[in-house]
Amino acid sequence: MPQLIQKTELKTFYYTPVHCPFCGVRVMGADPQDETRITACPHTLFIAHDTGFEYRSARLDRNLRLDGLSEHEVEARWHEDKGGIDGFTDTVSLPDAIKVAAYAPAPSAYGSYYGFAPNE
Ligand SMILES: [Zn+2]
């Protein structure tokens, strides 16, 4: 059985900026000022929130068999997972992959998810 992504949860310091564990680049989802600005590095597998993916790498698409699907079909795939996008991204099985899940406290209960894996 392939190794599943290793998960680290940020609950108290959920707002801490997330940096790639392999190269140190600070990764960020869409900038509210300019939503086309997403910062990812070559190790970034995905950047996601509970409402959807902001960034997906080709490696992620291959691993989760999202290759060639439309955005709508991708959304249908993670909606099928009872854990939502958080549970769906827990199923990544690339070697030594690491996921950082940052959970903002109630009442917002909003999660941000970042996935990384070393390159061959
Ligand atoms: Zn990196």
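This briefing covers a zinc site and a β-sheet. The model is predicted. Cys20, Cys23, Cys41 and His43 coordinate the zinc ion.

**Zinc site**
- The donor atoms are SG of Cys20, SG of Cys23, SG of Cys41 and ND1 of His43.
- They sit at 2.1 to 2.4 Å from the zinc ion.
- The donor residues follow the spacing C-x2-C-x17-C-x1-H in sequence.
- Cys23 and His43 both lie in the loop between strand 1 (6–10) and strand 2 (44–49), so this pair ties together parts that are 20 residues apart in sequence.

**Geometry at the metal**
- The four donor atoms subtend angles of 101 to 116 degrees around the zinc ion, which makes the arrangement tetrahedral.
- Four donors count as tetrahedral if all angles lie between 85 and 135 degrees.
- The ideal angle for four tetrahedral donors is 109.5 degrees.

- Cys23 is partly exposed, because its relative accessible area is 40%.
- His43 counts as buried, because its relative accessibility is 13%.
- The cut-off for buried is under 20% relative accessible area.

- Strands of a sheet pair through backbone hydrogen bonds, either parallel or antiparallel.
- Strand 2 pairs with strand 3 in the antiparallel sense, over four bridges.
- Phe53 in strand 3 is the bridge partner of Ala48.

How values were computed. Residues numbered from 1 in each chain as written. Predicted model: local features only at pLDDT ≥ 70, side-chain atom pairs only at ≥ 80, totals over all residues. Heavy atoms only, no water. Donors = N, O, S within 2.8 Å, 3.2 Å for Na, K, Ca; no water. Tetrahedral: all angles 85-135°; square planar, octahedral: opposite > 155°, others 65-115°. Helix = DSSP H or I, 4+ residues; strand = E, 2+ residues; numbered from the N terminus. Buried < 20%, exposed > 50% of the residue type's maximum accessible area, 1.4 Å probe, protein only. Pairing = 2+ DSSP bridges.
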